[in-house]
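Please find below some notes on this model, written for someone opening it for the first time.

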Amino acid sequence: MNRDTFFLAKAVATALLLTTLNSCSQLPPASDRPPETEDSVPDKSRVNLPNHELGGELTFRLLTAEFARQKGDHLAAAHHYLAAAFTTRDPRLAQYATEAAFNAKQYPLATTASQLWLELDDESEGPVRALAILLVNQGQLDAATPHLRAILRNSLNRDGDTEQRTAHVKESLAILTTILAESTQSDAALNLFAELLNTLEKEQTTLNRSFIDHESRLIMQATLALRLNRRSQAAAYIETLLSENPGHYDGNRLQVQLLASQGLGQEALKRLGENIAAAPPSLDLHHYYAKLLIQYERYEDALHIFRELATKYPEEGEISYSHALLALQLNHHEEGKTQLLKLVDDPEYSANARQALGQVTELDGDLNAAINWYRSITPAAEENPHNGNHPYLNAQFRAAALIAKQNSLGAAITHLEGIYIGSDNDSLRRLSALAEIHLQQNEPVTAINYYDQALAIAPDDKDIRYARALAYEKIDRIDLLEADLKLILSQHPAEVNALNALGFTLADRTDRYLEALDYIQRALQQQPKDAAILDSLGWVLYRLQRLDEALDYARQAHELLKDGEIAAHYGEILWATGDKSAARDIWEQAGQFAPNHPVLQKTIKRFLP
């Protein structure tokens with residue numbers, strides 16, 4: 001069955017399901033149709049749906065509309081649905097016509113369809129909102145005004161207790177803000193919103209109920225003004241609010257947003273600090289201030305705020321965790337550890353705290369303590385989305401790597417074999433971790449065996465195949481490396497790592513320099529500032545005896561990244577150009593940051609025996 005026949009058969013089957021249009025069934029759902037709410041879907045209990053038999057012409061229109069929609073011809077679908085809606089007076093068809101016309105970006109046609117939809121179903125919220133949106137988007141704010149007023153009025157008339165009705169009103173105000181924010185008539189939109197809020201205030205007085213307060217009104221008006229790019233009006237609303245309540249969280253947040261949009265980030269920080277000083281203590285506002293200070297790279301000032309918050313609110317896990325991470329970033333390790341230790345039994349932060357403690361104790365050189373912290377994370381951590389991706393597995397893999405580093409390869413393998421594995425993907429990650437440990441122990445053959453096992457489970461996993469390719473280089477199987485990398489590129493032609501690895505290996509281990517150059521240049525086109533790729537390009541140009549070009553790329557790579565191999569290559573190219581003194585300087589400097597790098601040491605021994 002070809003594609004067109006399939007769509008036609010599906011449309012016929014759909015039509016045959018509807019013996020009459022007053023069936024409780026709806027027409028076939030459209031994948032491109034926006035989500036429907038209980039207020040937008042016609043409800044037979046409150047809407048009198050017509051009883052209209054499917055005659056020949058109507059059946060033809062419905063089949064044609066559905067067929068067109070399936071093929072993405074929304075305009076044709078809209079015309080046929082609309083014609084059927086006029087014939088049947090069925091609001092569902094008017095709704096489908098509105099949605100199809102909107103998807104076709106035929107807004108006048110969508111407006112006509114939504115007007116019919118509203119005429120046929122004046123009790124639902126859907127057609128009112130649709131018509132308001134369409135009219136505002138077409139610059140017809142005056143025509144949209146009655147419908148915008150109806151949205152607010154309908155929310156006031158909804159049933160429910162005070163809490164429920166307040167929620168309905170706030171929802172309608174959010175909808176009105178969103179609709180008016182799309183208006184090209186900014187001043188008129190702001191004035192209309194003010195009128196709607198005035199209407200609401202009168203209703204509140206009449207009903208002796210408070211749906212929104214004065215501060216909420218100012219926030220909503222400032223928000224709309226910002227979205228309409230009316231900064232002066234937004235500033236006026238915000239200043240009024242903050243003059244009355246300098247500690248208002250949303251008011252301060254909007255002021256920061258306003259000033260930042262004008263490139264006045266430091267002024268935003270200054271004003272926020274002044275408002276905090278003039279207001280009663282506020283956890284949320286102080287926390288926001290600290291995060292903003294970090295954003296503007298004022299780390300020590302932010303740390304000072306976190307210290308104060310941690311003292312005042314010792315039970316706030318988020319504060320303690322943020323404080324700890326910032327302290328660690330600024331190399332205040334003991335301070336960071338103190339905060340993390342408060343969280344090791346906190347259900348929300350335990351796994352992250354233990355992982356961070358493992359990392360900092362590892363940095364401090366206490367590998368046994370680090371291993372114990374990593375191993376203390378339980379499989380239950382995988383079920384907490386707050387912990388990020390695979391905290392348990394990542395911690396166990398790191399623990400195994402440290403155990404192996406202590407010359408306990410057997411213990412590392414035993415540890416990995418004993419960890420909880422919950423899925424095939426976890427099995428793949430464990431096999432990869434075992435391979436990496438053996439590579440660290442200079443056992444590439446065993447590592448390749450683990451990669452083979454992983455690829456037997458997931459032959460299309462490009463990351464594992466890439467890792468195996470690099471392992472092949474360590475046993476001088478360049479043919480197998482090339483086969484793996486070319487297979488990756490056959491499936492992912494733009495895979496940068498594979499392009500660069502293949503190009504560099506061909507330049508370094510073969511005489512196929514022009515082929516290598518092509519691969520490396522393809523990688524560089526995608527990542528022109530990548531140090532590893534620039535190094536590869538410099539190296540292949542050196543092999544081609546294009547020394548001036550090679551020197552330029554090698555210098556760029558060295559400036560971007562202080563790496564032992566990059567420095568080795570840069571020095572060798574300098575030596576080849578005759579600048580032996582500069583080469584010695586580069587190698588001497590590299591000996592400071594990469595004293596044990598094997599490529600660097602081999603290069604120095606070749607030129608400075």
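**Notes on the pocket and the helix packing**

1. Five helices each supply at least two residues of the lining of the largest pocket: α24 (462-474), α26 (496-509), α28, α30 (564-576) and α32 (598-607). The greatest share comes from α26, which gives seven residues to this lining. Please keep in mind throughout that the model is predicted.

2. The space in the largest pocket comes to about 1,000 Å³. It is lined by 29 residues, and those closest to its centre are Glu473, Phe504, Asp508, Glu565 and Val599. Sorted by class, the lining has eleven nonpolar, ten charged and eight polar residues.

3. The helix pairs come next. Two packed helices are described by the angle between their axes and the distance between the axes.

4. Helix α28, residues 531-543, is one of the helices that line the pocket, and α28 also packs against helix α29, residues 547-560. Their axes are 8 Å apart, at an angle of about 160 degrees. Angles over 145 degrees count as roughly antiparallel, and α28 is therefore roughly antiparallel to α29. The crossing of these two helices is left-handed.

5. Which residues make the contact of α28 and α29? On the α28 side they are Ala531, Leu534, Asp535, Leu537, Gly538, Leu541 and Tyr542. On the α29 side they are Leu547, Glu549, Ala550, Tyr553, Ala554, Gln556, Ala557 and Leu560. This contact has eleven nonpolar residues, with two polar and two charged ones.

6. Helix α15 (residues 299-312) and helix α16 (residues 317-329) have axes that come within 9 Å and cross at roughly 145 degrees. The crossing of α15 and α16 is left-handed. From α15 the contact takes Tyr299, Ala302, Leu303, Phe306, Arg307, Leu309 and Ala310. From α16 it takes Ile319, Ser322, His323, Leu326, Ala327 and Gln329. Nine residues of the contact are nonpolar, three are polar and one is charged.

7. Helix α20 (residues 391-405) packs with helix α22 (residues 424-440) at an angle of about 20 degrees, and their axes are 10 Å apart. Angles under 35 degrees count as roughly parallel, so α20 and α22 are roughly parallel to each other. Their crossing is right-handed.

8. In the contact of α20 with α22, the α20 residues are Leu393, Asn394, Phe397, Ala400, Ala401 and Ala404. Those of α22 are Asp426, Arg429, Arg430, Ala433, Ile437 and Gln440. By class, this contact divides into seven nonpolar, two polar and three charged residues.

Technical notes. Residues numbered from 1 in each chain as written. Predicted model: local features only at pLDDT ≥ 70, side-chain atom pairs only at ≥ 80, totals over all residues. Heavy atoms only, no water. Axes fitted to C-alpha atoms, helices over the stretch in contact; angles between N-to-C directions. Helix = DSSP H or I, 4+ residues; strand = E, 2+ residues; numbered from the N terminus. Left-handed = near helix turned anticlockwise from the far one by under 90°. Contact = heavy atoms within 4.5 Å. Nonpolar A, V, L, I, M, F, W, Y, C, P; charged D, E, K, R; others polar. Parallel < 35°, antiparallel > 145°, perpendicular 65-115°, else oblique. 1 Å grid on protein atoms, 1.4 Å probe; cavity = no way out; pocket = protein on both sides within 12 Å on 5 of 7 lines; lining within 4 Å. Points joined across faces, edges and corners; volume = space filled by probe spheres on them.
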